[in-house]
Structure formats: structure tokens, C-alpha cells
Amino acid sequence: NEAEFILALETSCDETSAAVITSRDGRPEIISHEVASQIEAHQKFGGVVPEIASRRHLELIRPMIDSTLEQAGVDSTQLTATAATRGPGLVGALLVGFAAGKALAYAEKIPFLGVNHIAGHIFANFLVHEDIELPFLCLTVSGGHTDLIYFSRMIEYEILGRTRDDAAGEAFDKISRRLELGYPGGPAIEKKAREGNPNAVELPRALSESETYDFSFSGLKTAVINYIHNQQQKGNEIDTADLSASFQRAVIESLLPQVERAIKNFEPEALLLAGGVSANSLLRSRFESLTEKHELSLYLPPLDLCTDNAAMIGAAAYYQLAAGHSHDLGLDVRANLSL
Ligand code: KG4
Ligand code: ZN
């Protein structure tokens with residue numbers, strides 16, 4: 001029974017990250033983990049610049065692999081598998097981690113696994129929570145995705161609903177940019193919202209009444225932009241804190257009805273949250289109330305595993321490798337890979 005050491009890499013967007021994952025009591029465990037954020041490099045552009053992201057990943061990936069292995073006290077010859085994010089993400093950024101993961105697997109003659117980034121976000125929960133009950137529902141809310149997924153078994157799932165336009169995190173980022181609060185928008189809006197009144201500005205909650213599990217945020221975004229425009233035309237000053245608080249609440253309340261509908265119809269044992277937006281404290285508390293009301297367990301990723309990181313990619317790879325999966329080295333990245 002030799003020790004398992006999975007080297008996982010994540011370079012899908014603006015975070016370069018590497019982790020070594022091992023197995024303990026049938027669950028994935030982090031031995032070492034590094035995340036280098038490029039936020040500063042992109043901040044002045046108000047969003048991620050793909051070309052800059054790829055170059056940064058390229059500079060960082062090799063030294064980061066070395067230092068992550070060193071911290072783990074693991075030699076590359078001891079690795080039992082490598083894994084890297086296959087998509088969705090920026091194609092040039094994905095290629096850096098994917099090529100590095102494949103090259104190392106080829107050199108060491110070990111299995112390679114291309115991991116779906118959204119699955120990674122979901123499996124972050126399995127690094128910290130024991131005995132998550134099945135079946136469970138998972139709401140993945142990130143900068144690129146808003147998906148409601150029903151898991152009947154560990155690697156068997158059905159996507160119940162998704163956003164029809166913008167992702168929840170994207171809405172935060174776009175409105176933050178409009179309010180000149182900075183990038184990434186979610187944390188900036190959350191901070192500003194603390195000083196504001198969430199009932200100050202009336203905003204729509206899309207699809208909350210209809211019998212769907214889908215989400216929509218473009219109407220809300222337009223409503224905020226129109227509100228700003230109208231106030232400016234009237235010569236009124238905009239209270240950024242009030243608008244941030246009202247907007248944040250509207251985003252969260254555009255997520256709740258669909259999830260509650262799925263809880264009633266599917267009767268899951270647990271609800272999981274995943275993705276960058278699940279770091280939002282209003283979202284966390286509103287989902288705590290919802291799951292208390294329906295008497296089911298709620299599992300949240302710790303704050304440092306909500307946003308992009310390689311440990312979550314390693315966790316997803318761990319379960320897929322355990323199920324006997326691995327990929328041919330001819331596999332390529334996919335910018336728009338779906339779950
Ligand atoms: O999961 P993630 O790191 O990257 C993607 O896979 O997209 O998520 C990043 C997104 C950004 O849109 C960011 O604004 C949002 O997560 N975010 C938040 C918070 N922290 C990050 N949104 C709301 N509240 C937060 N505290
Ligand atoms: Zn992500």
C-alpha cells in the first residue's frame with residue numbers, strides 16, 4: 001500500500017496554483033498548496049487580460065511546481081498522478097498548467113487527469129467536510145458559472161438549472177466596475193454594502209416566480225445601470241453604499257427561490273455551495289437559514305478554497321482516479337467545457 005501523491009495544477013484564469021494531495025481515511029488531504037494571485041496585474045484594466053494571464057502562468061508554473069513538491073517533501077519520482085484544469089477557462093491560460101501536468105506525467109510514466117474546473121469547485125467541499133450525505137444539491141456560483149446540480153451519487157449528477165445570461169460573480173464584477181469600486185467586484189461590493197441599506201433601492205429578482213431552476217442576472221444589471229443613469233439625469237448623487245447593499249441582496253435573492261424549489265422537489269439530504277461567490281457572507285447566512293428551515297445539512301467551502309485553487313482540482317482528481325479514470329496525453333484543453 002504505497003502512499004498516493006497527486007500533483008494538481010490550476011491555471012484557468014488569473015490564479016496560478018499547485019497542490020500536492022494525498023489520501024487519508026479514504027478522503028483527499030492537502031499536503032502542500034500554493035496560490036499566486038495575479039489580481040494586481042489585471043486590476044488597472046478592470047478585469048482579466050488573457051494575454052497577461054498566460055504570460056504570468058508561464059513564468060510562475062515551473063518554480064511553483066518545484067516549491068510545492070519541496071514543501072510536501074515529495075520528489076517528482078514519488079508522484080502517483082498529475083492533474084490539471086482542462087476547462088472551462090481562458091484557453092491560453094489553461095494550456096500552461098495542462099501542458100505542465102501532461103509533461104510531468106509523461107516523464108514519470110504516471111496517470112494524468114484533466115479536471116473540469118466546476119467539478120473542482122464542488123469537490124473543494126470534500127477536502128474539509130467528512131461524511132457529506134447523498135443525495136445532495138450543489139449551487140456553484142463563480143465568475144463564469146451559476147449552476148444548480150443534483151448529485152445522486154459521488155460522480156453521478158444532473159444539472160437542474162444554470163444562468164441564462166450573466167453568472168452571479170460576473171454581475172458583481174460588472175456592477176463594481178460601473179460603481180468604480182474595483183476588481184474583483186464581489187469582495188468590493190460586499191465591503192461597500194456593509195455601510196448601506198439593502199432596502200434603499202428597489203431592484204428586480206428574475207425568474208423567482210416561474211417553475212424553473214434557471215437563473216438570470218442581466219435584467220438586474222440593466223436595472224442598476226438604468227437607476228444610476230436616471231439619478232444622474234435628475235442631478236441626484238448616488239449613494240454607492242445603499243446601491244451596493246440593495247444590489248447584493250437582489251443577487252442573493254435571485255438565487256434562493258430556485259434552490260428552495262429544488263429542495264422541495266428532490267428532497268436532498270444536504271446542500272453544498274461552491275465557487276468564488278460562496279465567499280459572500282450574506283449568501284452564506286441566507287443559505288444557513290434556508291437549510292435550517294428545511295432541515296438539511298449545509299456545507300460551505302472555507303473562504304480560502306472558495307476562489308480558484310489547485311487543491312480543489314486535486315480533490316476532484318482524487319475521486320476520479322479512485323473510480324479508475326485517467327486521460328490519454330492526447331487530450332486537449334477546452335475553453336467552454338461543460339460539467
Ligand atoms: O471561482 P472564482 O475564483 O473564479 C471563477 O471560476 O470564476 O470566482 C471569482 C468570482 C468573481 O466574480 C468575484 O467577484 C466573486 O467570485 N467573488 C465574490 C466574493 N468573493 C469573490 N462575490 C461576492 N462576494 C464575495 N465575497
Ligand atoms: Zn473558478
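This is a predicted model: local features need pLDDT of at least 70, side-chain atom pairs count only at pLDDT 80 or more; totals for chains, interfaces and linings use all residues.
Residues are numbered from 1 along each chain as its sequence is written, and chains are lettered from A and ligands numbered from 1 in the order in which they are written.

Me: What makes His117, His121 and Asp308 one spot?
Reply: The unreviewed UniProt entry annotates His117, His121 and Asp308 as "binding site"; such annotations may be inferred rather than shown by experiment. They span 192 residues in sequence, yet no two of their C-alpha atoms are more than 8.7 Å apart, so they gather at one spot.

Me: Why is histidine 117 called buried?
Reply: A residue is buried if 20 or more other C-beta atoms, placed from the backbone, lie within 10 Å of its own, partly exposed in between, and exposed if 12 or fewer do. Histidine 117 has 26 such neighbours and therefore counts as buried. Histidine 117 belongs to helix α4, residues 117-123, a helix being a DSSP run of H or I of at least four residues.

Me: How do you know that histidine 121 is buried, and what does histidine 121 touch?
Reply: Histidine 121 has 31 C-beta neighbours inside 10 Å, so histidine 121 counts as buried. Not counting residues up to four places away in sequence, histidine 121 touches Thr140, Ser142, Ala274, Gly275 and Met312; contact requires C-beta atoms, placed from the backbone, within 7 Å.

Me: Why are α5 and α6 called roughly perpendicular?
Reply: The axes of α5 (residues 168-178) and α6 (residues 185-193) come within 7 Å and cross at roughly 65 degrees. Angles of 65 to 115 degrees count as roughly perpendicular, under 35 as roughly parallel, over 145 as roughly antiparallel and the rest as oblique; α5 and α6 are therefore roughly perpendicular to each other.

Me: Which residues of α5 and α6 meet?
Reply: Gly169, Phe172, Asp173, Ile175, Ser176 and Arg177 in α5 meet Gly185, Gly186, Ala188 and Ile189 in α6.

Me: What makes glycine 186 buried, and where is glycine 186 annotated?
Reply: Glycine 186 has 28 other C-beta atoms within 10 Å, so glycine 186 is buried. UniProt, in an unreviewed entry, lists Gly186 under "binding site", with Ser142 and Asn280 also among the positions. Glycine 186 touches Asn280, and its contacts also include Gly169 and Phe172.

Definitions and conventions: Helices (H or I, at least four residues) and strands (E, at least two) are DSSP runs, numbered from the N terminus. Two residues are in contact if their C-beta atoms, placed from the backbone, lie within 7 Å. Axes are lines fitted to C-alpha atoms, for helices over the stretch in contact, and angles run from 0 to 180 degrees between N-to-C directions.
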